[in-house]
Amino acid sequence: MALWNQATQDSDEKSPPTPILAPAPTPVVAPMAPVKESAVKERRESVFGAGVTIEGKIEGDGDIRIAGKFDGDLQIKGDVIIEKGAKVNAKVSAANLTVGGELNGNVTAAAQVKLLESAQLTGDLKAATLTVAAGSRMRGHVEFGWSASEAAKFINEPARDKQKSDFAEL
């Protein structure tokens with residue numbers, strides 16, 4: 001079986017042989033395994049731009065990124081990101097919170113709070129973990145590092161009364 005078609009050499013010009021092209025082989029594709037749904041659903045992020053002002057209550061499972069102004073209440077099961085330059089006056093409850101702008105209000109985070117170098121937080125903060133960058137500012141009461149069961153011990157006992165009783169023993 002010849003792979004090359006040889007041209008006749010009747011003329012003085014020599015032309016290169018023209019190859020005979022065979023059809024491309026059909027690619028073998030292995031069947032894909034069915035995609036398993038993960039326990040964590042893909043969350044979508046809502047973005048409020050720098051020129052946006054919103055007042056009210058926001059609840060949801062997704063993530064929120066705020067670059068503008070917000071006044072109200074945020075109850076998010078996902079992540080909340082407050083961008084540098086944003087101004088938020090709200091009670092915030094989220095899985096994770098990252099603050100780069102100004103936040104006035106109490107914060108409860110199930111997992112982590114990050115205060116970036118441009119962050120300014122005025123209010124009480126409760127979180128599992130806290131990361132504070134140099135240059136950030138905060139004014140308020142902070143509780144972090146406690147497990148849910150350890151935190152429950154202190155819910156019924158006011159911290160200020162406990163401190164007074166500790167000092168009375170001295």
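# A tour of the strands and their salt bridges

In S8, Thr 98 is the bridge partner of Ile 81. Select that pair to begin. The model you are looking at is predicted.

**Stop 1: strand S7 and its neighbours**

Strand S7 covers residues 79-82, and strand S8 covers residues 87-99. S7 and S8 run parallel, paired over 4 bridges.

Now colour the side chains of S7. Which of them point one way, and which the other? Asp 79 and Ile 81 point one way, while Val 80 and Ile 82 point the other way. All of these are buried. In a regular strand, side chains alternate between the two faces of the sheet.

Look for Arg 65: its bridge partner in S7 is Ile 81.

**Stop 2: strand S3**

Find Glu 45 and look across to S5. Asp 63 stands opposite Glu 45.

**Stop 3: a salt-bridge network**

Show the side chains of Glu 45 and Arg 65. They meet in a salt bridge, at 3.3 Å from N to O. The two residues come from distant parts of the chain: Glu 45 is in strand S3 and Arg 65 in strand S5, 20 residues apart. Side chains of opposite charge can pair when their charged atoms come close.

Glu 83 forms a salt bridge with Arg 65, and the closest N and O atoms are 2.4 Å apart. Glu 83 lies in the loop between S7 and S8, and Arg 65 in strand S5, so this pair ties together parts that are 18 residues apart in sequence. Shared partners join Glu 45, Arg 65 and Glu 83 into one network of salt bridges.

Are these residues buried, partly exposed or exposed? Glu 45 counts as partly exposed, at 39% relative accessibility. Arg 65 is partly exposed too, at 27%. Glu 83 is partly exposed as well, at 27%.

**Stop 4**

Move to strand S4, residues 53-60, and strand S6, residues 69-76. They pair in the parallel sense over 8 bridges.

Select Lys 57 and Glu 59 next. These two form a salt bridge, with the closest N and O atoms 3.1 Å apart. Glu 59 counts as exposed because its relative accessible area is 54%, above the 50% cut-off. The structure holds 4 salt bridges.

Step from S6 to S8. The two strands run parallel, joined by 7 bridges. Gly 72 stands opposite Ala 90 in S8.

**Stop 5: Asn 89**

Asn 89 is found in strand S8. What does Asn 89 touch beyond residues up to four places away in sequence? It touches Phe 70, Asp 71, Gly 72 and Asn 104. Zoom in on Asn 104: a polar contact of 2.9 Å joins its side chain to that of Asn 89. Asn 89 counts as partly exposed, at 37% relative accessibility.

The C-alpha atoms of Asn 89 and Leu 74 are separated by 9.9 Å, and the residues are 15 apart along the chain.

**Stop 6: Ser 136**

Jump to the loop between strand S12 (125-132) and strand S13 (137-139), where Ser 136 lies. Is Ser 136 buried or exposed? At 17% relative accessibility, Ser 136 counts as buried, because the cut-off is under 20%.

Its side chain reaches the backbone oxygen of Ala 133 at 2.8 Å. Leaving aside neighbours within four places in sequence, Ser 136 is in contact with Leu 115, Leu 116, Glu 117 and Ala 119.

**Stop 7: a surface patch**

Go on to Met 138, in strand S13. Met 138 is partly exposed, with a relative accessible area of 30%. With Met 138, they form a nonpolar patch on the surface, with about 230 Å² of accessible area together.

**Last stop: the whole chain**

Zoom out. The chain has 2 helices and 14 strands. Of its 170 residues, 22% are buried. The accessible surface comes to about 13,000 Å², and 54% of that belongs to carbon and sulfur atoms. Among contacts with a separation of 6 or more, 2% are between residues 24 or more positions apart.

Conventions
Residues are numbered from 1 along each chain as its sequence is written. This is a predicted model: local features need pLDDT of at least 70, side-chain atom pairs count only at pLDDT 80 or more; totals for chains, interfaces and linings use all residues. Side-chain values use heavy atoms; hydrogens and water are left out. Buried means under 20% relative accessible area, exposed over 50%, partly exposed in between (1.4 Å probe, protein chains only). A polar contact is a pair of N or O atoms within 3.5 Å; within protein, one must be able to donate a hydrogen and the other to accept it, and residues adjacent in sequence count only if both atoms are side-chain atoms. Contact means heavy atoms within 4.5 Å. Two strands pair if DSSP finds at least two bridges between them. Patches are made of residues with over 30% relative accessible area and no salt bridge: like charges are joined within 9 Å, nonpolar side chains (Val, Leu, Ile, Met, Phe, Trp, Tyr) within 5 Å. Accessible areas come from the Shrake-Rupley method with a 1.4 Å probe; for residues, only the protein chains shown count as cover.
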